[in-house]
Every structure is written in C-alpha cells, then in structure tokens.
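The stops below are meant to be followed in order.

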Amino acid sequence: MCVISILWIPIIQAAQGGRLFDYIQSITSYLAPPICAVFILAVAWWRINEQGAFWGLMCGLLVGLIRMILDFVYLAPGCDEEDERPSVVADVHYLYFGILLFGITGIVTIVVSLMTQQIDKKFVSTFN
C-alpha cells in the first residue's frame with residue numbers, strides 16, 4: 001500500500017494544479033454521490049430494490065470515473081492559454097458535477113427498481 005501511495009504522488013501533483021484540498025474534493029465529488037443517492041433512496045422509499053441499487057451504483061461509478069479520467073487527461077490551461085478541454089470538464093465545476101451525478105444515479109436507481117420485481121413486504125421494515 002505504501003508503494004501505491006508513493007506512485008500516486010505524481011498524479012496528485014498533476015491533478016488540480018497540485019492543490020491537495022481541491023484534489024480530495026474533486027475525487028470525492030466523483031465517487032461519493034452515487035453511494036449517497038442510493039442510500040437516501042433506500043432509506044426513504046421501500047420500493048427501491050437490489051437491482052435498482054446495483055445498477056444505480058454501477059452507472060454512477062461509470063459516469064464518475066469517466067469524469068475523473070477526463071479531469072486527469074485534460075489539465076487546466078495556464079492563464080494565457082486557450083482552454084481546449086471538453087465542455088464537461090471546462091464548463092462544469094466538479095462540485096456541480098457531483099450534484100448532477102447524484103441526480104443521474106437517483107434516476108437510474110428509481111427506473112430500474114420500478115422495472116424489476118419489488119421486495120416482498122415481509123422483508124421491508126417501516127417506521128409505523
């Protein structure tokens with residue numbers, strides 16, 4: 001694990017201009033929203049099932065990883081350089097992208113849950 005941490009240092013320096021706080025926040029905004037969306041939906045609505053949660057997480061992880069890879073491949077230009085990055089990287093701040101990713105994951109989770117068989121009521125606990 002120590003070797004992996006040492007090998008990861010150049011990636012941290014390249015990402016977000018070497019600013020560690022921004023790096024941690026951007027990685028969190030690419031990976032945490034799917035987990036949070038599925039958890040909140042599962043707690044709030046009994047209709048969410050395993051298939052919906054699984055595919056919501058997979059879709060959210062895929063979209064988040066794509067954005068994270070794009071963020072590493074297309075570095076921010078200097079002050080006097082033209083920004084030639086894709087629009088999703090150049091125009092959408094990573095924190096706003098986290099909100100978008102939360103919504104995408106929630107929609108996929110709900111749609112898949114509604115299209116598949118619901119959980120038997122005897123396995124669902126309610127607050128009543």
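Select α3 and helix α5 (residues 94–115): their axes come within 8 Å and cross at roughly 150°. Axes here are lines fitted to C-alpha atoms, for helices over the stretch in contact, with angles from 0 to 180 degrees between N-to-C directions. Helices are DSSP runs (H or I, at least four residues; strands are E, at least two), numbered from the N terminus. α3 and α5 are therefore roughly antiparallel, a label for angles over 145 degrees. The crossing of α3 and α5 is right-handed, that is, the near helix is turned clockwise from the far one by less than a right angle.

This is a predicted model, in which local features need pLDDT of at least 70 and side-chain atom pairs pLDDT 80 or more, while totals for chains, interfaces and linings use all residues. Residues are numbered from 1 along each chain as its sequence is written, and side-chain values use heavy atoms, leaving out hydrogens and water.

Now show side chains between α3 and α5. The contact (heavy atoms within 4.5 Å) includes Trp-55, Leu-57 and Val-63 of α3 and Phe-97, Leu-101 and Ile-104 of α5. By class, the contact of α3 with α5 has eleven nonpolar, eight polar and one charged residues. Ala, Val, Leu, Ile, Met, Phe, Trp, Tyr, Cys and Pro count as nonpolar, Asp, Glu, Lys and Arg as charged, and the others, Gly among them, as polar.

The contact of α2 with α3 divides into 13 nonpolar, two polar and two charged residues.

Move to Arg-85, in the loop between α3 and α4 (87–90). Its side chain makes a polar contact of 2.9 Å with that of Asp-83. Such a contact is a pair of N or O atoms within 3.5 Å; within protein, one must be able to donate a hydrogen and the other to accept it, and residues adjacent in sequence count only if both atoms are side-chain atoms. Leaving aside residues up to four places away in sequence, Arg-85 touches Tyr-74, Leu-75, Ala-76, Pro-77 and Ala-90.

Finally, zoom out. The chain has five helices and zero strands. Its radius of gyration, 18 Å, is well over the 14 Å that the globule rule gives for 128 residues, so the chain is more spread out than a compact globule. That radius is taken over C-alpha atoms, and the rule is 2.2 Å times the number of residues to the power 0.38. Along its principal axes the C-alpha trace spans about 60 × 35 × 25 Å.

Definitions and conventions: Angles under 35 degrees count as roughly parallel, over 145 as roughly antiparallel, 65 to 115 as roughly perpendicular and the rest as oblique.
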